[in-house]
Amino acid sequence: TGDQTYTSNSAIPLSNVIDRYTMLGNPFASAIDWASVQKTNLSNTYWGWDPNMSSTGGYITVSTTGSVTITAPFSGSTGLNQYIQPGQGFFVKTTAPSPVLTIREQDKVADFNPLAFAAKSATNTKAGSIPLLAVNLYYTSGANKVLADGVVAAFDAGFSNGVGAEDAAKMVNSAEALSIVNGTDLLSIEGRQMPQNGDAIPLNMAKITKTQYTLQIFAKDMAGSSAQPYLEDGYLNTTSSLSLTDTNTIVFHTDPTITASSASNRFTIVFRSYQVLPVTFTTVKATAKKGNVQVDWDVAMESGIHKYEVETSADGNNFIKVAAIDAKGSNSLESYVWLHKNAVNGTNYYRIRAVQTDGKTVLSKIVSANIDAVKMEIKIVPNPVINRQVNIWLNNAEKGTYTFTIKTVQGQQVATQTVYCEGGIINNRIIINNNVRAGIYYLHIMSKKGKYVQSIFIE
């Protein structure tokens, strides 16, 4: 009980060296509010270990700016927040000589958070009303989606685009790590002025060891921004438009034999004014029409655009090109239509890739349309595929010939087989050559009733 003061000369001393960290513990048998704790010559940020991160736990950054507290990663699955629990350890950072931290009786709060110690899902992230852009890195473990790490860019007219008091340094995890690069500093939270044309947020990835990851990017209170964010992929040489109102999901793959696919600087978020874009997608939509899907898109200012490529996907993650349409080359509003005949039963996902004359590309948002599925049941057992054996099981199959073809994400055929069915159940096995690399593939099933596509993962 009673106010607890920490200095460089206290029993538990704070480091007197600038940019050094000191690990403390909450001294009370009560939660404390980090936002109200008095700090002198210390960062407004604390760093703590969260058991909910990745498969081994990881560091969470909690930063207070004015009346707003921001947590990175900014996700409902993190376990730490601005309320430091009794028994919870945390790091503070010295910003100038003679640091002082005073945890007072009035800092005690009744906000109990058991998730600071137990690995469970949570919804305790608090961020106030400040505009921000959050980037989270996920991977899949079995049927589970695992949050590996995340960063936050927060925007305010009083912030500086350089490294300042509103920024929080990155404390690197033992597994996958994501950070924002500002000069020579790696940050988990970066405070910036409102984005303008030409601004960039370089991302840094570390310890990327898996073949597939997902970037989840979403904005908060940024709908009125005068600049549009784009994600640039330096490895694929693509530019993807990022929505300021919806969650953006970007699946990317790495190849252990290609260093650039897992390069630390592969991704950058850039901001551009609408007036200087080579093309602006004003509308993109997909509509189901009697077994087909009509894809419509409207564009403005298609300066320097050579063609548009329509890409489709069965799962919303892995896309293949199915059509190419020459651009009209207009500086005014233009409309395009393409009909996908005999679309896949179920949900069909589409996006448009605008190809510039210099080879660079701009991606539209993803849209979808649903084709009523037939009653035939399709299973791949197991999936992921093991021992190079793709076991295909079809129930309620109609009489006729069925062709099974396995293709890469790029559309290259790696195996094919044709069987005849009298109707009912089909049990079929395709053996994959050992020279086929592990990764995502598509199984195409062709019959007189149409075409079915299902993604598979070959281990």
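Okay, so let's start with the inside: of the 459 residues in this chain, 52% are buried, where buried means under 20% relative accessible area, exposed means over 50%, and partly exposed is in between, using a 1.4 Å probe and protein chains only. Before I go on, this is a predicted model, so local features need pLDDT of at least 70 and side-chain atom pairs count only at pLDDT 80 or more, while totals for chains, interfaces and linings use all residues. Residues are numbered from 1 along each chain as its sequence is written, and side-chain values use heavy atoms, with hydrogens and water left out.

Now the overall picture. The chain has 37 strands and zero helices; both are DSSP runs numbered from the N terminus, with helices being H or I of at least four residues and strands being E of at least two. The C-alpha trace spans about 85 × 55 × 40 Å along its principal axes. If you take contacts with a separation of 6 or more, 67% of them are between residues 24 or more positions apart, and a contact here means heavy atoms within 4.5 Å.

Let's zoom in on one loop, the one between β31 (377-380) and β32 (389-397), where Pro382 sits. What kind of peptide bond joins Val381 and Pro382? A cis one, with omega about -10°. Pro384 is in that loop between β31 and β32 too, and a cis bond with omega about 20° joins Asn383 to Pro384. For context, most peptide bonds are trans, and most residues other than glycine have a negative phi. Arg388, also from the loop between β31 and β32, has a positive phi of about 60° without being a glycine. Arg388 counts as buried, at 16% relative accessibility.

Asn41 is another non-glycine residue with a positive phi, near 60°. You'll find Asn41 in the loop between β4 (38-40) and β5 (45-50). Is Asn41 buried or partly exposed? Partly exposed, with a relative accessible area of 29%.

On to charges. Side chains of opposite charge can pair when their charged atoms come close. We call it a salt bridge when a side-chain nitrogen of Lys or Arg is within 4 Å of a carboxyl oxygen of Asp or Glu, and the count by this rule is 16.

One of them pairs Lys93 with Asp19, with the closest N and O atoms 3.7 Å apart. Lys93 is in strand β9 (residues 89-93) and Asp19 is in the loop between β1 (4-6) and β2 (21-25), so this pair ties together parts that are 74 residues apart in sequence. Lys93 is buried at 15% relative accessibility, whereas Asp19 is partly exposed at 47%.

Another one joins Lys210 and Glu176, at 2.8 Å from N to O. Here, too, distant parts of the chain are linked: Lys210 is in the loop between β17 (200-206) and β18 (212-220), and Glu176 is in the loop between β14 (168-169) and β15 (177-182), 34 residues apart. Glu176 counts as buried at 3% relative accessibility, while Lys210 is partly exposed at 29%.

Last stop, Arg104, in the loop between β10 (100-103) and β11 (108-109). Which residues does Arg104 touch, not counting those up to four places away in sequence? Asp3, Phe28, Ser36 and Gln38. Arg104 is buried as well, at 14% relative accessibility. That's my tour, thanks!
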